[in-house]
2 protein chains.
Amino acid sequence: MTLQGWEAIRDEVKRRIRVRVWVPGDVIPSEADLAQEFGCARGTINRALADLAGAGLLERRRRAGTRVALLPIRHARFAIPVIRAEIEARGQLARHQLLACDTLPAPVPVAARMGRALEGHLIYIETLHLADGQPFAHEARWLNPAVLPDPMPDFARLSVNEWLVANVAFSTGDIAFAAEAAGSRVAQVLGVAVGAPLFITERLTRGQEAAITFVRLSHVPGYRIQTAL
Amino acid sequence: MTLQGWEAIRDEVKRRIRVRVWVPGDVIPSEADLAQEFGCARGTINRALADLAGAGLLERRRRAGTRVALLPIRHARFAIPVIRAEIEARGQLARHQLLACDTLPAPVPVAARMGRALEGHLIYIETLHLADGQPFAHEARWLNPAVLPDPMPDFARLSVNEWLVANVAFSTGDIAFAAEAAGSRVAQVLGVAVGAPLFITERLTRGQEAAITFVRLSHVPGYRIQTAL
DNA sequence: GAATGCAATATGTCTATACATATCCGGAAC
DNA sequence: GTTCCGGATATGTATAGACATATTGCATTC
């Protein structure tokens with residue numbers, strides 16, 4: 001068989017795994033053998049198999065060969081959109097209201113996440129995001145004041161997120177999802193009952209040295225995130 | 001400068017983006033120029049840049065060149081472990097109890113997800129997963145009977161998941177996360193109050209033609225998933 | 001029989017070269 | 001000025017060859 005392109009080879013290998021020509025746990029033929037079978041260079045086979053290994057479908061070890069993974073699905077990739085884009089992608093009108101913007105001492109759990117160097121005061125910004133005028137998510141954000149210029153940008157107009165993306169060097173971060181009961185404050189803002197189950201997204205963004213910002217998003221009941229495996 | 005290995009080159013490019021040598025929106029030097037600067041072949045540069053493009057840090061187009069992405073973080077990759085592995089990774093003892101195993105007509109929302117061809121009866125399996133003897137998650141699973149052999153495997157001993165992985169050809173699927181209030185049944189099984197906020201994972205697995213299984217996991221309050229960006 | 005070391009092997013990576021392909025830009029035609 | 005076309009250019013991909021590296025399994029030694 002002659003296939004053209006490493007993607008065609010990848011798909012053929014994927015197909016053989018799906019229809020169980022090669023069963024989970026099996027060692028599949030070596031790159032050299034497959035190169036001969038498919039009539040291409042070994043490098044092309046390597047590209048295809050390396051891609052499938054990255055996707056978790058294959059496990060490869062030097063000398064030991066390539067085998068079909070026993071637990072093929074181990075990773076899911078989620079898009080993490082900016083809220084505005086997420087709302088607009090649903091065909092709704094995105095708006096936001098600035099509920100608060102203060103300089104406050106960091107609450108203990110926030111300080112713990114952002115690092116001890118920031119035990120002093122942080123800028124606290126609270127925003128309500130609306131989709132077609134209906135509450136969509138409540139955003140509580142703590143900002144490291146060191147990253148802001150002295151006349152603070154007008155966050156009532158430009159969203160903090162959009163300003164940060166354009167103006168601050170990003171290095172790493174992490175994100176977490178959880179389910180929590182609505183507290184009285186958030187419940188009131190979102191217009192739901194106290195104790196309603198909310199989908200929570202927490203995101204920490206770190207710069208080269210210190211934390212830049214910590215965001216906690218509380219989504220209205222019914223919100224869900226979904227992705228194809 | 002001479003760097004060895006495409007990963008070193010990738011890291012150097014990443015560094016330059018982080019410290020804003022190259023700013024979001026900038027076009028960076030061509031592969032040929034970088035190859036000369038780093039003292040390597042163009043193919044090696046291509047590997048490094050293609051990797052960063054896959055991670056969403058760069059945007060590449062033929063002839064137009066390579067530019068630093070304007071919204072660098074757009075995807076998060078989560079590990080989706082088998083529950084047993086997830087519990088054991090915490091250093092806890094994984095156990096499970098089979099709560100129910102029946103043949104039932106599919107509830108409407110489940111039938112809608114799994115496809116109309118399965119409007120008949122499905123196998124329903126309910127499992128409680130325990131970590132160190134404490135409730136960890138409630139699993140409700142609907143199985144397409146067509147994928148099971150006639151004397152049904154003994155799911156009290158082998159978990160359904162483990163049996164499926166080893167015996168059924170997998171093709172695609174999707175996964176969703178949500179927050180929901182505990183119903184009376186799940187609340188009782190997990191030992192929490194009715195209405196407690198639960199983190200829900202729903203997974204649909206499709207075979208080549210029909211849906212294979214739909215799983216709904218209700219995690220105890222406090223459960224969260226987290227990943228580095 | 002057990003321990004050790006060496007050779008065989010499969011993957012990982014790099015190189016140099018070549019051609020394919022998309023796209024930008026400038027020049028020609030109107 | 002506008003439109004259209006072709007050349008230049010950057011990336012995408014393929015090739016053969018080479019060496020690196022991890023690991024297996026056999027053979028030798030004790």
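The legends below describe close-up views of a predicted model.

Residues are numbered from 1 along each chain as its sequence is written, and chains are lettered from A and ligands numbered from 1 in the order in which they are written. Because the model is predicted, local features need pLDDT of at least 70 and side-chain atom pairs count only at pLDDT 80 or more, whereas totals for chains, interfaces and linings use all residues.

**View 1. The open sheet that includes strands of chain A and chain B.** An open sheet of 7 strands has the order β5(A)-β6(A)-β7(A)-β10(A)-β9(A)-β8(A)-β11(B), with antiparallel pairing. Strands (E, at least two residues) and helices (H or I, at least four residues) are DSSP runs, numbered from the N terminus; two strands pair if DSSP finds at least two bridges between them. At the edges stand β5 (94–105) of chain A and β11 of chain B, each of which pairs on one side only. From one strand to the next, the twist averages 15°. β8(A) is joined to β11 (residues 224–228) of chain B by 5 bridges, and the two strands run antiparallel. Within this pairing, D174(A) stands opposite A228(B), and F177(A) has I225(B) as its bridge partner.

**View 2. The contact between chain A and chain B.** Each chain contributes to this contact: 41 residues come from chain A and 41 residues from chain B. Two residues are in contact if their C-beta atoms, placed from the backbone, lie within 7 Å. On the side of chain A that touches chain B, β4 (75–79), β8 (172–181), β9 (197–206) and β11 (224–228) of chain A each supply at least two residues. The largest share of that side, 10 residues, comes from β8(A). By class, the side of chain A that touches chain B has 26 nonpolar, 8 polar and 7 charged residues. Here Ala, Val, Leu, Ile, Met, Phe, Trp, Tyr, Cys and Pro count as nonpolar, Asp, Glu, Lys and Arg as charged, and the others, Gly among them, as polar.

**View 3. The largest nonpolar core and I200(A).** The largest nonpolar core has 58 residues, and those with the most contacts inside it are A179(A), I200(A), A179(B) and I200(B). Such a core is a set of buried Ala, Val, Leu, Ile, Met, Phe, Trp, Tyr and Cys residues joined through C-beta atoms within 7 Å. A residue is buried if 20 or more other C-beta atoms lie within 10 Å of its own, exposed if 12 or fewer, and partly exposed in between, with C-beta atoms placed from the backbone. When residues up to four places away in sequence are not counted, I200(A) touches F177(A), A178(A), A179(A), E180(A), R216(A), L217(A) and S218(A).

**View 4. Strand β7 of chain B and its two partners.** Of the 10 residues of β7 (residues 134–143) of chain B, 8 are buried, so this strand is largely enclosed by the rest of the structure. β6 (residues 121–131) of chain B runs antiparallel to β7(B) and is joined to it by 9 bridges; A131(B) stands opposite Q134(B). The hairpin of β6(B) and β7(B) has 2 residues between the strands, and D132(B) takes a positive phi near 50°. β7(B) also pairs with β10 (residues 211–219) of chain B in the antiparallel sense, over 7 bridges. In that pairing, S218(B) is the bridge partner of H138(B).

**View 5. V215(B) in strand β10 of chain B.** V215(B) has its place in β10 of chain B and counts as buried, because it has 22 C-beta neighbours inside 10 Å. Apart from neighbours within four places in sequence, V215(B) is in contact with E139(B), R141(B), E202(B) and R203(B).

**View 6. Strand β3 of chain B.** In β3 (residues 65–68) of chain B, T66(B) and V68(B) form the covered face, whereas G65(B) and R67(B) form the uncovered one. In a regular strand the side chains alternate between the two faces of the sheet. β3(B) runs antiparallel to β1 (residues 27–28) of chain B, with 2 bridges, and to β2 (residues 58–61) of chain B, with 4 bridges. R67(B) stands opposite V27(B) and is also the bridge partner of E59(B). β2(B) and β3(B) form a hairpin with 3 residues between them, and R63(B) in the turn has a positive phi of about 65°.

Key
Axes fitted to C-alpha atoms, helices over the stretch in contact; angles between N-to-C directions.
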